[in-house]
Amino acid sequence: SIQHYFPSRTDLMCAIAAYYQELRKQYEDDFFELTFSNDVERLDAYITFILKPQIRSGIYISYTLLAEATTSTPELMKSIKKGFSDHFNRACGILEPLTPQLTKEQRMNRAVFISSAADGLKPFDPSYPDMAPVVG
């Protein structure tokens, strides 16, 4: 087993998390070096980008490690949370010129919603007027 090469299971999980976070960061760095003709085109390209299998596989592994870390490994939890935080902050930067009327927290929520939707989740937060269900 590959765990044989690591002092502990935690060390193995941290190494896997670090590998996928670095891979994701490289893909994101490549994306953010691109130029776009306008902000809408940039957002559209970003959504297409986060749906790429290379990005999705790293995020799925991060979610799996996150689930493990919440119960047993604080240092892994910290590392994974930083990776997600970096990802969402970059997404907020894409949303900012399109949504100047929103607070940073509102943009962060939308970045999380976009990422969650890319993961196949249907986030719903009725506390936002534009997210409330339509009655009628």
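Two residues are taken to be in contact when heavy atoms of the two lie within 4.5 Å. On this basis, among contacts in the protein chain of the predicted model between residues at least 6 apart in sequence, 49% join residues at least 24 apart. The chain comprises 136 residues, of which 29% count as buried. Five helices and zero strands are assigned, and the order of elements along the sequence is α-α-α-α-α.

Helix α1 spans residues 9-32. Arg-9 belongs to this helix and is partly exposed, its relative accessible area being 43%. Between Arg-9 and Thr-73 the separation in sequence is 64 residues, whereas their C-alpha atoms are 9.8 Å apart in space.

Packing between helices was examined for two pairs that involve α5. Helix α4, covering residues 74-95, packs against helix α5, covering residues 104-118, at an angle of about 110 degrees and with 8 Å between the axes. Because angles of 65 to 115 degrees count as roughly perpendicular, α4 is classed as roughly perpendicular to α5. On the α4 side, the contact is formed by His-87, Phe-88, Asn-89, Ala-91, Cys-92 and Leu-95. These residues meet Lys-104, Arg-107, Met-108, Arg-110, Ala-111, Val-112, Ile-114 and Ser-115 of α5. Classified by residue type, the contact of α4 with α5 contains eight nonpolar, three polar and three charged residues.

The second pair consists of helix α2, residues 39-50, and α5, which pack at an angle of about 45 degrees with their axes 9 Å apart. The two helices α2 and α5 are therefore oblique to each other, and the crossing of α2 past α5 is right-handed. Leu-43, Ile-47 and Ile-50 of α2 make this contact with Ile-114, Ser-115 and Ala-118 of α5. By class, five nonpolar residues and one polar residue take part in the contact of α2 with α5, and no charged residues do.

Aromatic side chains were considered next. Six aromatic pairs are found in a search of the whole structure. In the pair formed by Phe-31 and Phe-32, the ring centres are 5.2 Å apart and the planes stand at 90 degrees, so the arrangement is edge-to-face. Phe-31 also pairs with Phe-36, with 5.5 Å from centre to centre and 35 degrees between the planes, an arrangement that is tilted.

Phe-31 has a relative accessible area of 5% and is buried. Phe-32, at 23% relative accessibility, counts as partly exposed, and Phe-36 is likewise partly exposed, with a relative accessible area of 25%. The values for Phe-32 and Phe-36 fall in the partly exposed class because buried means under 20% relative accessible area. Ring pairs link Phe-31, Phe-32 and Phe-36 with Tyr-46 and Phe-49 into a cluster.

Definitions and conventions:
Residues are numbered from 1 along each chain as its sequence is written. This is a predicted model: local features need pLDDT of at least 70, side-chain atom pairs count only at pLDDT 80 or more; totals for chains, interfaces and linings use all residues. Side-chain values use heavy atoms; hydrogens and water are left out. Rings of Phe, Tyr and Trp (its six-membered ring) pair if their centres lie within 6.5 Å; planes under 30 degrees apart count as stacked, over 60 as edge-to-face and the rest as tilted. Buried means under 20% relative accessible area, exposed over 50%, partly exposed in between (1.4 Å probe, protein chains only). Axes are lines fitted to C-alpha atoms, for helices over the stretch in contact, and angles run from 0 to 180 degrees between N-to-C directions. Helices (H or I, at least four residues) and strands (E, at least two) are DSSP runs, numbered from the N terminus. Angles under 35 degrees count as roughly parallel, over 145 as roughly antiparallel, 65 to 115 as roughly perpendicular and the rest as oblique. Ala, Val, Leu, Ile, Met, Phe, Trp, Tyr, Cys and Pro count as nonpolar, Asp, Glu, Lys and Arg as charged, and the others, Gly among them, as polar. A crossing is left-handed if the near helix is turned anticlockwise from the far one by less than a right angle, and right-handed if clockwise.
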